[in-house]
Amino acid sequence: MTEETPGFEDKPDVPSGATPDDAAEAAAETSSTEEGSAAPAGDANQTAGLTAQLDQVRTALSERTADLQRLQAEYQNYRRRVERDRVAVKEIAVANLLTELLPVLDDIGRAREHGELVGGFKSVAESLETVAAKMGLQQFGKEGEPFDPTVHEALMHSYAPDVTETTCVAILQPGYRIGERTIRPARVAVAEPQPGAAPAAKDEKSADEENGGPEEG
C-alpha cells in the first residue's frame with residue numbers, strides 16, 4: 001500500500017525525458033480544461049441574475065407608469081372642478097349684480113310707459129339696458145300667456161268669461177332670468193274662467209246632440 005506524502009499536490013503526468021517547458025504546457029492544458037468545465041455553470045448563474053434584475057426593472061416601470069396615469073387623472077379632475085367652480089362663481093356674481101339693478105330697470109320701464117324717457121336720460125337708460133342684455137339678462141312676461149307658477153307670481157286674481165284657463169291678463173312687474181335661472185318671477189294679475197261657464201256650454205251642446213242639432217229658423 002502506497003502512502004501519499006502530505007504537502008505535495010498532484011501533478012500532471014509528464015513523459016519521461018520531457019523538458020521543463022513540456023511540463024509547463026501540460027499543466028496549462030489541465031488548468032484550461034478545468035476552467036472550461038466550470039464556465040457553463042457560471043454563465044447560467046449570470047443569466048439568471050440578469051433575468052431577475054430585468055423582472056425587477058419591469059415591475060418598477062409598471063408601478064411608476066400606473067402612478068403617473070393616476071396622477072394625470074387626478075390633475076384632469078382638479079382642472080375640471082376648478083373650471084366648474086370658476087364658472088359658478090362668475091354666474092353668481094353676475095346674478096347678484098343684475099339683481100341689484102332690477103329696481104333701476106323697473107324705474108326705466110315705468111318712465112317709458114309714461115313718456116318720460118326723453119333726452120339724455122333716454123340715452124343712459126338704453127345703454128344700461130344694452131349692457132344688462134349683454135351680461136345675459138332676459139326679460140319675460142306677456143299679457144295673454146298661460147299662468148305658470150314656476151315663473152309667475154300672481155298678485156291679483158279675477159274671473160273672466162273669455163278665458164279657458166288661468167291666464168296672465170296684466171303684467172304688473174316683468175320677470176327676469178339669466179339663461180335658465182330665474183332671478184325674479186314676473187308679477188302678474190291673473191284671470192280664471194267664469195265659474196259654471198264651461199259646464200253650461202257643455203250642457204247646451206249635449207241638448208243639441210239629443211235634439212238632432214240646433215233648430216233652423
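Which residue in E6 does Glu153 stand opposite? In this predicted model, Glu153 faces Arg187 of E6. Residues are numbered from 1 along each chain as its sequence is written, and local features need pLDDT of at least 70, side-chain atom pairs count only at pLDDT 80 or more, and totals for chains, interfaces and linings use all residues. Side-chain values rest on heavy atoms, with hydrogens and water left out.

Strands (E, at least two residues) and helices (H or I, at least four) are DSSP runs numbered from the N terminus. An open sheet of 3 strands has the order E2-E6-E3, with mixed pairing; two strands pair if DSSP finds at least two bridges between them. Strand E2 (152-160) and E3 are the edge strands, each pairing on one side only. E2 and strand E6 (residues 186-193) run parallel and are joined by 8 bridges.

The largest pocket holds about 410 Å³ of space. A pocket is an open set of points on a 1 Å grid over the protein atoms alone, where a 1.4 Å probe fits, with protein on both sides within 12 Å along at least five of seven lines; lining residues have an atom within 4 Å of a point. The volume is the space filled by probe spheres set on the points, which are joined across faces, edges and corners. Of the 19 lining residues, Leu105, Gly109, Gln139, Pro174 and Tyr176 lie nearest the centre of the pocket. Helix H1 (20-113), helix H2 (119-134), strand E1 (137-140) and strand E3 (167-173) each give two or more residues to this lining, and the largest share, 6 residues, comes from H1.
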